[in-house]
Amino acid sequence: MMIAMILFFAGMLLAYANGANDNFKGFATLWGSDSIEYRHALILSTIATVAGALLSLYVAGQLVSNFSGKGLVPDALVGAPAFLFCVALGAAITVMFATYFGFPISTTHAIIGGLVGAGMVKAPSAVNFSKLGTTFLLPMVSSPIVAITLAFGTYWLAKKVKVLCNVKSEVCVCVEPGSGGP
């Protein structure tokens, strides 16, 4: 029972660190540009975070499997409470440290580091670096390339639609915050 409580504490600490780091990112621009008030930005970011967490329960079955550590470290370690505690605590401390000092951080990267780091301490020769490369590093390196390609393609398509629709100019109406409108 004590082990379950310790693991629960480590998991909650990691969830807290992740929320403290990620919660506001999506709405910081809106708040920073005075488009919405701080309180509204915080409410919207909390709703978006909860919705994302609920959606990930449905969508992220394979992701959860990958982050269990199976195939990356020996199976005996994956189920060991001490190993799980070290992974969660290491990732939580890393994210909290980076958040406190304003460093850019990814909770995903912190968890991967926790899995590999704890695996290297407990069974250095048994860490599967091939699985690390194909399951984690390759997607992390390729995803920005895919995003840039999709953004470029979308931009190109939007320009073509603009020409096909004979749009000659664009108009932007700027409103000073607090002025009540144009």
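**Helices, core and surface of the predicted model**

Thr49 comes out as partly exposed, its relative accessible area being 37%; on this scale, with a 1.4 Å probe and protein chains only, buried is under 20%, exposed is over 50%, and partly exposed is what falls in between. Thr49 sits in helix H3. Its C-alpha lies 9.4 Å from that of Gly26, a residue 23 positions away along the chain. The model is a predicted one, so to speak of local features requires a pLDDT of at least 70, and side-chain atom pairs count only at pLDDT 80 or more, while totals for chains, interfaces and linings use all residues. Numbering runs from 1 along each chain as its sequence is written, and side-chain values use heavy atoms, with hydrogens and water left out.

As for the overall build, the chain has eight helices and zero strands, where helices are DSSP runs of H or I with at least four residues, strands are runs of E with at least two, and the numbering goes from the N terminus. Reading along the sequence gives the pattern α-α-α-α-α-α-α-α. The chain has 182 residues, and 21% of them count as buried. Take the contacts (heavy atoms within 4.5 Å) between residues at least 6 apart in sequence: 62% of them join residues at least 24 apart.

Now to the inside. The largest nonpolar core holds 22 residues, and Leu72, Val73, Phe83, Leu115 and Leu132 have the most contacts inside it. Here a nonpolar core is a set of buried Ala, Val, Leu, Ile, Met, Phe, Trp, Tyr and Cys residues joined through side-chain atoms within 4.5 Å. At least two residues of this core come from each of helix H1 (2-22), helix H5 (75-78), helix H6 (81-101), helix H7 (107-122) and helix H8 (129-164). H7 supplies the largest share, six residues.

With neighbours within four places in sequence set aside, Leu132 touches Leu72, Ile112, Val116 and Leu137. Ala118 is part of helix H7 and counts as buried because its relative accessibility is 15%. Beyond its neighbours within four places in sequence, Ala118 is in contact with Phe83, Cys86 and Val87. Val73 is 45 residues from Ala118 along the chain, and their C-alpha atoms are 9.2 Å apart.

Back in helix H3 (residues 38-59), Ser45 is another residue to look at. A relative accessible area of 1% is why Ser45 counts as buried. The Ser45 side chain reaches the backbone oxygen of Leu42 at 2.9 Å.

What about the surface? Met1, Met2, Met5 and Ile6 make a nonpolar surface patch of about 490 Å². Patches are made of residues with over 30% relative accessible area and no salt bridge, joining like charges within 9 Å and nonpolar side chains (Val, Leu, Ile, Met, Phe, Trp, Tyr) within 5 Å; a salt bridge is a side-chain nitrogen of Lys or Arg within 4 Å of a carboxyl oxygen of Asp or Glu. Ile6 belongs to helix H1 and counts as partly exposed because its relative accessibility is 37%. In sequence, Ile6 and Phe85 are 79 residues apart, yet in space their C-alpha atoms are 7.4 Å apart.

Last, the backbone has a couple of spots with positive phi. Asp34, a residue other than glycine, has a phi near 60 degrees. Asp34 is placed in the loop between helix H2 (28-32) and H3, and it counts as exposed because its relative accessibility is 54%. Phi of Asn166, again in a residue other than glycine, is positive and near 60 degrees. Asn166 lies in the segment after H8.

Definitions and conventions. Polar contact = N/O pair within 3.5 Å; in protein donor to acceptor, adjacent residues only side chain to side chain. Areas by Shrake-Rupley, 256 points an atom, 1.4 Å probe, with all protein chains shown as cover.
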